[in-house]
Amino acid sequence: MNAPAESKTIEPVIGRYLHLDYGGRHYRIYFESAGRGIPLVCLHTAGSDTRQYRGLFNAASVTERFHVIAFDLPFHGKSSPPSGWQDEEYRLTADSYTGIIMAFIAALGLERPVVMFGKDRITRPHSVDRTGSGRCRPFRIAGRRSRRAGAASGCFAAHTAARPGPCLR
(Lines give C-alpha, C1' and ligand atoms only; values in the text may rest on other atoms or scores of the structure.)
Protein backbone atom coordinates (compact mmCIF):
# COMPACT_ATOMS: atom_id res chain seq x y z
CA MET A 1 0.00 0.00 0.00
CA ASN A 2 1.42 3.37 -1.03
CA ALA A 3 1.43 6.29 1.38
CA PRO A 4 -0.22 9.48 0.13
CA ALA A 5 2.14 12.11 -1.26
CA GLU A 6 2.98 14.86 1.18
CA SER A 7 3.86 18.43 0.44
CA LYS A 8 6.61 19.96 2.56
CA THR A 9 7.90 23.50 2.64
CA ILE A 10 10.58 25.03 4.81
CA GLU A 11 10.06 28.74 5.25
CA PRO A 12 13.05 31.02 4.50
CA VAL A 13 12.91 32.58 7.98
CA ILE A 14 15.93 32.28 10.28
CA GLY A 15 15.59 32.88 14.04
CA ARG A 16 18.51 33.83 16.28
CA TYR A 17 19.35 35.34 19.66
CA LEU A 18 21.44 38.49 20.10
CA HIS A 19 23.15 39.10 23.44
CA LEU A 20 23.11 42.86 23.89
CA ASP A 21 24.33 45.13 26.66
CA TYR A 22 22.31 48.33 26.81
CA GLY A 23 21.72 50.86 29.58
CA GLY A 24 23.81 48.90 32.05
CA ARG A 25 21.73 45.74 31.55
CA HIS A 26 22.27 42.51 29.63
CA TYR A 27 19.50 41.48 27.23
CA ARG A 28 18.90 38.29 25.26
CA ILE A 29 16.97 39.51 22.21
CA TYR A 30 15.26 37.10 19.81
CA PHE A 31 15.02 38.14 16.17
CA GLU A 32 14.03 36.63 12.84
CA SER A 33 15.15 37.56 9.36
CA ALA A 34 14.57 36.68 5.72
CA GLY A 35 15.48 38.12 2.34
CA ARG A 36 18.19 40.28 0.83
CA GLY A 37 18.62 43.93 0.03
CA ILE A 38 17.74 47.06 1.95
CA PRO A 39 17.49 46.28 5.68
CA LEU A 40 13.88 46.55 6.85
CA VAL A 41 13.48 46.48 10.64
CA CYS A 42 9.88 45.69 11.63
CA LEU A 43 8.72 46.79 15.07
CA HIS A 44 5.89 44.81 16.62
CA THR A 45 2.96 46.51 18.32
CA ALA A 46 2.51 46.54 22.08
CA GLY A 47 1.97 43.10 23.54
CA SER A 48 2.86 41.36 20.29
CA ASP A 49 6.05 39.79 18.90
CA THR A 50 7.77 38.80 15.64
CA ARG A 51 4.85 36.54 14.65
CA GLN A 52 3.09 39.76 13.61
CA TYR A 53 5.32 39.79 10.53
CA ARG A 54 5.06 36.12 9.50
CA GLY A 55 3.32 37.07 6.25
CA LEU A 56 5.96 39.65 5.40
CA PHE A 57 8.82 37.17 5.98
CA ASN A 58 7.21 34.85 3.44
CA ALA A 59 6.29 37.45 0.79
CA ALA A 60 8.76 36.91 -2.05
CA SER A 61 7.79 40.27 -3.58
CA VAL A 62 9.20 41.90 -0.43
CA THR A 63 12.12 39.63 0.48
CA GLU A 64 13.64 39.84 -2.98
CA ARG A 65 14.21 43.58 -2.37
CA PHE A 66 14.48 43.79 1.42
CA HIS A 67 16.32 42.01 4.22
CA VAL A 68 13.33 41.80 6.58
CA ILE A 69 14.27 41.75 10.28
CA ALA A 70 11.90 41.70 13.26
CA PHE A 71 12.84 41.37 16.91
CA ASP A 72 10.97 40.73 20.12
CA LEU A 73 11.39 43.55 22.60
CA PRO A 74 12.52 42.51 26.08
CA PHE A 75 9.55 41.03 28.00
CA HIS A 76 7.89 40.09 24.66
CA GLY A 77 7.79 36.85 22.67
CA LYS A 78 11.02 34.85 22.93
CA SER A 79 13.17 37.71 24.29
CA SER A 80 14.13 37.35 27.92
CA PRO A 81 13.71 40.09 30.50
CA PRO A 82 17.06 41.31 31.91
CA SER A 83 18.31 39.72 35.12
CA GLY A 84 16.82 41.28 38.23
CA TRP A 85 13.62 42.28 36.42
CA GLN A 86 11.43 40.78 39.14
CA ASP A 87 12.77 43.27 41.70
CA GLU A 88 11.61 46.39 39.85
CA GLU A 89 8.62 47.87 38.08
CA TYR A 90 8.55 47.38 34.31
CA ARG A 91 8.20 50.69 32.50
CA LEU A 92 8.52 51.04 28.75
CA THR A 93 9.29 54.69 28.08
CA ALA A 94 9.85 56.39 24.73
CA ASP A 95 13.55 56.73 25.56
CA SER A 96 14.03 53.08 26.57
CA TYR A 97 11.99 51.90 23.57
CA THR A 98 13.89 53.92 20.99
CA GLY A 99 17.19 53.24 22.76
CA ILE A 100 16.83 49.47 22.53
CA ILE A 101 15.78 49.77 18.86
CA MET A 102 18.85 51.84 17.98
CA ALA A 103 21.12 49.53 20.04
CA PHE A 104 19.71 46.53 18.15
CA ILE A 105 20.29 48.24 14.78
CA ALA A 106 23.87 49.16 15.78
CA ALA A 107 24.62 45.66 17.10
CA LEU A 108 23.63 44.12 13.77
CA GLY A 109 25.67 46.74 11.88
CA LEU A 110 22.70 47.84 9.77
CA GLU A 111 23.31 50.93 7.66
CA ARG A 112 20.32 53.26 7.27
CA PRO A 113 17.65 50.57 7.60
CA VAL A 114 14.04 51.27 6.85
CA VAL A 115 12.23 51.03 10.19
CA MET A 116 8.61 49.97 9.83
CA PHE A 117 6.10 50.45 12.62
CA GLY A 118 2.37 50.38 13.12
CA LYS A 119 0.05 52.67 14.98
CA ASP A 120 1.32 52.36 18.54
CA ARG A 121 1.18 55.68 20.31
CA ILE A 122 4.78 55.39 21.55
CA THR A 123 6.25 54.99 18.05
CA ARG A 124 6.46 57.93 15.71
CA PRO A 125 8.74 58.43 12.70
CA HIS A 126 10.78 61.14 14.41
CA SER A 127 11.08 59.14 17.63
CA VAL A 128 12.92 56.11 16.25
CA ASP A 129 16.12 58.06 15.61
CA ARG A 130 15.69 60.83 18.19
CA THR A 131 19.06 62.34 17.34
CA GLY A 132 17.99 63.21 13.81
CA SER A 133 21.24 61.70 12.54
CA GLY A 134 19.54 60.00 9.61
CA ARG A 135 20.80 56.58 10.75
CA CYS A 136 17.48 55.02 9.79
CA ARG A 137 14.54 55.63 7.46
CA PRO A 138 11.12 55.49 9.14
CA PHE A 139 8.18 53.91 7.34
CA ARG A 140 4.68 53.81 8.77
CA ILE A 141 2.19 51.13 7.84
CA ALA A 142 -0.61 52.82 5.92
CA GLY A 143 -4.26 51.93 6.22
CA ARG A 144 -6.59 51.01 9.00
CA ARG A 145 -5.71 48.80 11.93
CA SER A 146 -6.40 45.12 11.41
CA ARG A 147 -6.17 42.11 13.69
CA ARG A 148 -5.78 39.65 10.81
CA ALA A 149 -2.49 37.73 10.71
CA GLY A 150 -0.33 39.04 7.91
CA ALA A 151 -2.33 42.26 7.51
CA ALA A 152 0.84 44.31 7.87
CA SER A 153 2.50 42.47 5.01
CA GLY A 154 -0.38 43.27 2.69
CA CYS A 155 -0.21 46.97 3.50
CA PHE A 156 3.56 47.02 3.05
CA ALA A 157 3.63 45.01 -0.17
CA ALA A 158 0.83 47.08 -1.72
CA HIS A 159 2.43 50.35 -0.69
CA THR A 160 5.94 49.55 -1.92
CA ALA A 161 4.71 48.09 -5.18
CA ALA A 162 2.51 51.10 -5.93
CA ARG A 163 4.82 53.92 -4.89
CA PRO A 164 8.12 52.94 -3.30
CA GLY A 165 9.24 56.47 -2.45
CA PRO A 166 12.85 57.66 -2.38
CA CYS A 167 13.78 56.05 0.95
CA LEU A 168 12.84 52.57 -0.28
CA ARG A 169 14.72 52.62 -3.56
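Figure 1. At 45% relative accessibility, Glu88 counts as partly exposed, a class that lies between buried (under 20% relative accessible area) and exposed (over 50%), computed with a 1.4 Å probe on protein chains only. Arg25, at 21% relative accessibility, is likewise partly exposed. The two side chains meet in a salt bridge with an N to O distance of 2.7 Å, the term meaning a side-chain nitrogen of Lys or Arg within 4 Å of a carboxyl oxygen of Asp or Glu. This pair links distant parts of the chain, since Glu88 sits in the loop between β4 (66-71) and α3 (94-107) and Arg25 in strand β2 (residues 25-35), 63 residues apart. Helices (H or I, at least four residues) and strands (E, at least two) are DSSP runs, numbered from the N terminus. The model is predicted, and local features need pLDDT of at least 70, side-chain atom pairs count only at pLDDT 80 or more, and totals for chains, interfaces and linings use all residues. Residues are numbered from 1 along each chain as its sequence is written, and side-chain values use heavy atoms, with hydrogens and water left out.

**Figure 2. Close-up of Arg54 and Glu32.** The side chains of Arg54 and Glu32 form a salt bridge at 3.2 Å, N to O. Because Arg54 lies in helix α1 and Glu32 in strand β2, the pair ties together parts that are 22 residues apart in sequence. Glu32 is buried, with a relative accessible area of 6%, whereas Arg54 is partly exposed at 29% relative accessibility.

**Figure 3. Close-up of Glu11 and Arg54.** Glu11 forms a salt bridge with Arg54, with 3.9 Å between the closest N and O atoms.
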